Amino acid sequence: MSQPGLLLVMTGPSGVGKSTLVAGVRERIPEVEFSVSCTTRPPRTGEVDGVDYFFVDAGEFARRRDEDAFLEHATVHGNSYGTLRSYAVDRVAAGAVVLLDIDVQGADQVRDSGVDAAFLFVLPPSFDVLEARLRGRATDAKDVIDRRLVTARHEVEQAGWFDVRITNDDLARATDEFVAFIEAERAARAPLRRAPRS
Ligand code: 5GP
């Protein structure tokens with residue numbers, strides 16, 4: 001019997017290593033799909049429209065918001081981001097495991113929406129480690145990094161209500177925990193199989 005779909009909401013501070021973690025998870029569970037969000041942020045070098053995000057202007061974003069195309073939407077670091085219902089709801093109904101990488105405000109809205117979802121928070125081993133990782137990237141200006149660290153502290157304060165918290169200190173162990181969480185959440189949603197009569 002095919003596995004049921006699952007909406008998986010992942011949140012965690014910038015620099016915590018979510019992309020690496022998800023790459024490992026997708027090797028083990030290939031049917032995990034990324035939801036492609038809309039954003040008003042300009043594309044970074046190498047980002048592709050329709051793959052990384054749908055890059056839209058403020059007018060287009062407002063139009064989609066007004067027609068209720070978003071399951072959730074939020075302003076993060078001055079730009080608008082929104083999850084399209086067409087990914088988050090329709091793909092799950094088709095049996096996909098759809099992963100949302102969204103901020104804590106968005107996760108809170110999904111929780112309030114009443115849509116069935118599983119919530120996972122990725123924690124850094126410590127704020128010192130997170131700061132070292134962000135500064136080590138060397139791609140961002142100092143004030144951008146400082147702002148991300150302030151945001152990270154606010155986000156981590158919300159981690160308590162998520163279904164599971166995974167600390168990304170050891171990648172192999174964190175990947176195992178992530179995979180185990182997906183499997184448990186899918187099993188919990190699988191229809192009960194009737195035992196054959198003897
Ligand atoms: P970035 O601009 O670096 O790709 O993402 C910045 C932040 O926006 C990250 O914390 C990411 O999780 C969050 N984000 C990306 N897409 C969405 C979305 O559709 N909704 C919300 N609420 N946050 C998002």
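**A sheet and a ligand site in a predicted model**

Strand 3 (residues 38-39) and strand 4 run parallel and are joined by two bridges, where strands are DSSP runs (E, at least two residues) numbered from the N terminus, and two of them pair if DSSP finds at least two bridges between them. This is a predicted model, in which local features need pLDDT of at least 70 and side-chain atom pairs count only at pLDDT 80 or more, while totals for chains, interfaces and linings use all residues. Residues are numbered from 1 along each chain as its sequence is written, and side-chain values use heavy atoms, with hydrogens and water left out.

We turn now to the ligand. Around the ligand are 14 residues, of which Ser37, Arg41, Tyr53, Glu72 and Tyr81 come nearest; a residue is near a molecule if one of its heavy atoms lies within 4 Å of it. The polar contacts (pairs of N or O atoms within 3.5 Å) include one of 2.7 Å between a nitrogen atom of the ligand and an N or O atom in the side chain of glutamate 72. In another, a side-chain N or O atom of aspartate 103 is 2.8 Å from a nitrogen atom of the ligand, and a backbone N or O atom of glycine 82 lies 3.4 Å from a ligand oxygen atom. Strand 5 (70-76) and strand 6 (79-84) are the elements that give two or more residues to the shell around the ligand.

How values were computed
Polar contact = N/O pair within 3.5 Å; in protein donor to acceptor, adjacent residues only side chain to side chain. Helix = DSSP H or I, 4+ residues; strand = E, 2+ residues; numbered from the N terminus.
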